[in-house]
Amino acid sequence: MSGRRILAIARRIAQQFRRDRRSLALLIVAPLAVLALLGSVIRDEKPLETRIGFVAPGGPAGAPIVAGLSTAATEAGLTVVDAGPDAASGRAAVQEGRADIVIVLPESLAARPLTVQVITLGESPADDAARIQAAAGLIERVGTQGLELAIEHETIYGSPTADALDTFAPALIGFFGFFFVFVLTGISFLRERTGGTLERLLATPVRRSEIVTGYSAGFGFFATIQVALIMVFALGSLTVPPLGPFGGFEIGLGIANAGSPLLAFLVIFLTALGAVNLAIFLSTYARTELQILEFIPIVIVPQALLAGVFWSVDSLPDPLQVVAHLLPMTYAIEGLRSVLLRGADLSDPTLRLDIAFLAGAAILFVTLAGATIRREVA
Amino acid sequence: MTMTIPQSAGPAIEAHGLRKVFGQIAAVDGIDLAFPAGRIYGLLGPNGSGKTTLIRLMAGLAVPTAGSVSVLGTRVPSRPLLARIGYMTQSDGLYAELSVWENLSFFAAMSGQRDPSALAEILEIVELGDRRGTPIVELSGGMRRRLSLACALVHRPPVVFLDEPTVGVDPVLRYQLWDHFRRLATAGTTLVVSSHVMDEGDRCDELVLIRSGRVLASGSGSEIRQRAGTTDLASAFLKLSGVPTDPAAVPVAEPIESDSE
């Protein structure tokens, strides 16, 4: 071992970093920025605004319990709303967005324990869990006043027994659809720029729009295959029977799917199209493949933290909510959740907004990508 | 789509007051050119003298800061004109993952060449006919240069810009390439070839010696040598540049390579 040679190698790396200020800045700034973002998302998480309704279909006998629950809810900072006279009106209140959670008392109040029905939307199990916890707190407070209460959870969409995977699947499908296509396109187009092939390409009568469309089609094709496979694996479930010495097994995650897979596919396709062209655009600002990877903490990580993969956008601090509403992945995840969990179709205004935003973002990125492909590249 | 390029009885390539500035540096600084068709023009000069920028301006890949260029009677830049221009970049400009045939087919498609026999013909000319299926990563440096040349010529353009086409090419292949350039010129193609190898100058019909973005001298190799009073182009270049030709007296000189390396 030669200390001089080791030192020379270490010094050379330091010199390279010194001349690659972006990598140096990223090395130092990116972890702090991501941690700060994560800290803000977790510590400044806003308490969920909860509108709660109480239903007592058994008539006036349930009134004291409803009164107790309403008082406890108000004391806990929840907004009490009218959910109608029975379970059906309670479901309608949740489905129409007038209430976030409805507690339905049983018709007979004689049974012990008294089983109450808790109705939530079921679109965001993270939000549902927080609201059910709040409701359980109310019930506990009322229960200590002499009543023994039990909770039965019902959701409008999805299944109350849905596990974490059911919640994460739409978000992860959206995330992967964006992430891999972004990185692969970025590296591929950077090679075009640095390898001389783009210059050669631009010395032919090819139009910029043809290059962008060709890239979108080429990477779009593989993104399509990728997303199709992800969706089949995530949504499908195939039981393979035992064969000889091999035991039976299941393929696919069998995640609940309430809506049209084709509509979900449209959402993810628009997301991938935007990712392809954003990568072409950003490749202008990279000189090496390492610098393409350096876009991950800038482009991918904030979307993973803010777009609703792990935390509800509504629970983010206000300034971060503004940022979240500018990110394509927020709309991709919301759209996929609407379709897959809620069974939304094109008559749903939220889904229409999601698709419109993703299409708009794709058009913006296509335009930006086209603008960076100039015949004058030096 | 059929593209129509007006034919011109004038020079194949014409430039007036051509200037290209990058920041504080003028890479091309007021160049006038008139190249009649069917000849080989050599742009000779050291590295960084502005040859590549001049070629890119003529091919319409760079926008001049001042001045203008016309190729085949059409003002540059013109997208339809690019169908009649061949351009070989200084780097190989090939897709490493693709095979010889796939690269050639791709650039043929981009240039509008639909005749498969043209692809086979150009591959034979550059002696890669037996390498059709070979991936680029398995080719030698010389083979890559030959394929790069084939990609520039596959659509049989009447005007060809070749940026340092013989860099890294062995003497035998270099001879063959120049032989092919001559045959193209005889057939009416106008070739503009840049090089920093002065000895290649004598293979051209006309030379333009460039230094610091300016034309130092132009004419045939023998005319330039005669004007400088030297027996070789490298010495002529140095003398016309005002650099002493006595090696001991040369303080700093930009690299001028000779073919005898």
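Colleague: In which loop of chain B does B:Leu72 lie?

Modeller: B:Leu72 lies in the loop between strand E4 (66–71) and strand E5 of chain B. Helices (H or I, at least four residues) and strands (E, at least two) are DSSP runs, numbered from the N terminus. This is a predicted model, in which local features need a pLDDT of at least 70, side-chain atom pairs count only at pLDDT 80 or more, and totals for chains, interfaces and linings use all residues. Residues are numbered from 1 along each chain as its sequence is written, while chains are lettered from A and ligands numbered from 1 in the order in which they are written.

Colleague: How should I read the backbone there, and what is the phi of B:Leu72?

Modeller: Most residues other than glycine have a negative phi, and most peptide bonds are trans. B:Leu72 has a positive phi, near 55 degrees. B:Glu164 also has a positive phi, near 50 degrees, and is found in the loop between strand E7 (159–163) and helix H5 (171–186) of chain B.

Colleague: Are B:Leu72 and B:Glu164 buried or exposed?

Modeller: The term rests on a count: a residue is buried if 20 or more other C-beta atoms lie within 10 Å of its own, exposed if 12 or fewer, and partly exposed in between, with C-beta atoms placed from the backbone. B:Leu72 counts as buried because it has 23 C-beta neighbours inside 10 Å. B:Glu164 is buried as well, because 23 other C-beta atoms lie within 10 Å.

Colleague: Which peptide bond is cis?

Modeller: The bond from B:Val76 to B:Pro77 is cis, with omega near 5 degrees. B:Pro77 belongs to the loop between E5 (74–75) and strand E6 (85–88) of chain B.

Colleague: What is the strand order of the open sheet in chain B?

Modeller: Strands of a sheet pair through backbone hydrogen bonds, either parallel or antiparallel. Here, two strands pair if DSSP finds at least two bridges between them. The open sheet has four strands in the order E2-E1-E4-E5, with antiparallel pairing. E2 and E5 of chain B are the edge strands, each pairing on one side only.

Colleague: Turning to chain A, into which domains is it divided?

Modeller: Domain bounds come from an automatic or database domain assignment. Chain A is divided into domain 1 (51–155) and domain 2 (165–372), whose C-alpha centres lie 39 Å apart. Two residues are in contact if their C-beta atoms, placed from the backbone, lie within 7 Å. Six residues of domain 1 of chain A are in contact with five residues of domain 2.

Colleague: Does H13(A) count as mostly covered or mostly open, and how many of its residues are buried?

Modeller: H13(A) is mostly covered, with 13 of its 13 residues buried.

Colleague: How many residues of chain A are in contact with chain B?

Modeller: 14 residues of chain A are in contact with 25 residues of chain B. The chain A side divides into six nonpolar, four polar and four charged residues. Ala, Val, Leu, Ile, Met, Phe, Trp, Tyr, Cys and Pro count as nonpolar, Asp, Glu, Lys and Arg as charged, and the others, Gly among them, as polar. The predictor gives the complex an ipTM of 0.83 and a pTM of 0.73.

Colleague: What is the average pLDDT of chain B?

Modeller: pLDDT is the predictor's confidence in each residue, from 0 to 100. Chain B averages 86, and 90% of the residues score at least 70. Over residues 1–7 of chain B, pLDDT stays under 50, and the model has 11 contacts beyond four places in sequence for them. Residues 250–261 of chain B are also below 50, and this stretch has 21 contacts beyond near neighbours in sequence.
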